[in-house]
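Q: Please take a close look at one topic here, salt bridges, and describe it in a connected way.

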Amino acid sequence: MFLSLEEAINLGQKSFEHGRIFMFESFPKADSLKDPENWKKFYSESKKAIIANYDKSIAIKLMELMKEKQAYWTPTLQTLKFEANAHDEQFLDNSNLKYVTQIRKKLWWGIDVNQNKERNLSVDGKGVSTGFYETSKKQIKQANDIGVPIMTGTDVTDSYSFAGFSVHDELNELTESGLSNIEALQSATIVPATYANLQASYGSIEVGKIADLIILDGNPLDKISNTKMINSVLLNGVLYDSKKISELKEFTESVASSFHMNVKVFKSLVASPLVRVQFAD
């Protein structure tokens, strides 16, 4: 937070996460967010101003710098989507919750839901989270048009980011934000492989590359949601057909509800320095 995006890019940071990164830099009093003593208070009081006074020209200059330095952006729209919809009972009634432990749902996600719900329904907070979410989607198209390499990511384990499932939602969000279907697919395959310097082995289907594949019953180039039409998965030389995938889902659901796993997750949450920082925030 205390280093500008421009400085971070020029210093060589190669990836930047979350949809807010340009929002924090592109309003008149952005420098006030760099104050270690008062930034939280200032940020809380300035959310509406950050949206209302968003300067597109500043964001474009930063995007052009990212292109020049080959710095990648992972928007993680699922995090902003959650914050914008934390008060929506239909959004919260997600069928994938059965794969998440009770400890995580109650101790972490539940608190997060209540805080964002209260904020969204308040007079001061009404529409603010939605504003961040919608503005970030517009920025994705701008960045993509300029040539910023975009990667798919979901900030998994964060509230209402479901391991595996949310990747498909993120692909859909990226296409809604202006990426073509093929560009969205590349953001989850060859682009991250290139970022990790593993493009010789991963990221596309070619002779000599690792054959970790998802076999679909529908063409995602026709409809991006067809990525969810999974017929089978080939991973590390093992083929998981639809029956085996269903068995793995059933097993995950049963483990998520087990006493042993919930105790284990509780211990890991308490012991995690990162989680303690997030709770403090």
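A: Helices here are DSSP runs (H or I, at least four residues; strands are E, at least two), numbered from the N terminus. The model is predicted, so local features need pLDDT of at least 70 and side-chain atom pairs count only at pLDDT 80 or more, while totals for chains, interfaces and linings use all residues. Residues are numbered from 1 along each chain as its sequence is written, and side-chain values use heavy atoms, with hydrogens and water left out.

In helix H11 (residues 242–256), Lys 244 and Glu 247 are 3 residues apart, about one turn of the helix, and their side chains form a salt bridge (a Lys or Arg side-chain nitrogen within 4 Å of an Asp or Glu carboxyl oxygen) with an N to O distance of 3.1 Å. Elsewhere, salt bridges with shared partners join Lys 81, Lys 137, Glu 173 and Glu 176 into one network.

Glu 173 is buried, at 2% relative accessible area, whereas Lys 81 is partly exposed at 21%.

Helix H7 (residues 128–146) holds both Asp 145 and Lys 141, 4 residues apart, which meet in a salt bridge of 3.2 Å, N to O; Asp 145 is exposed at 53%, and Lys 141 is partly exposed at 41%. The structure holds 11 salt bridges.

Terms used. Buried < 20%, exposed > 50% of the residue type's maximum accessible area, 1.4 Å probe, protein only.
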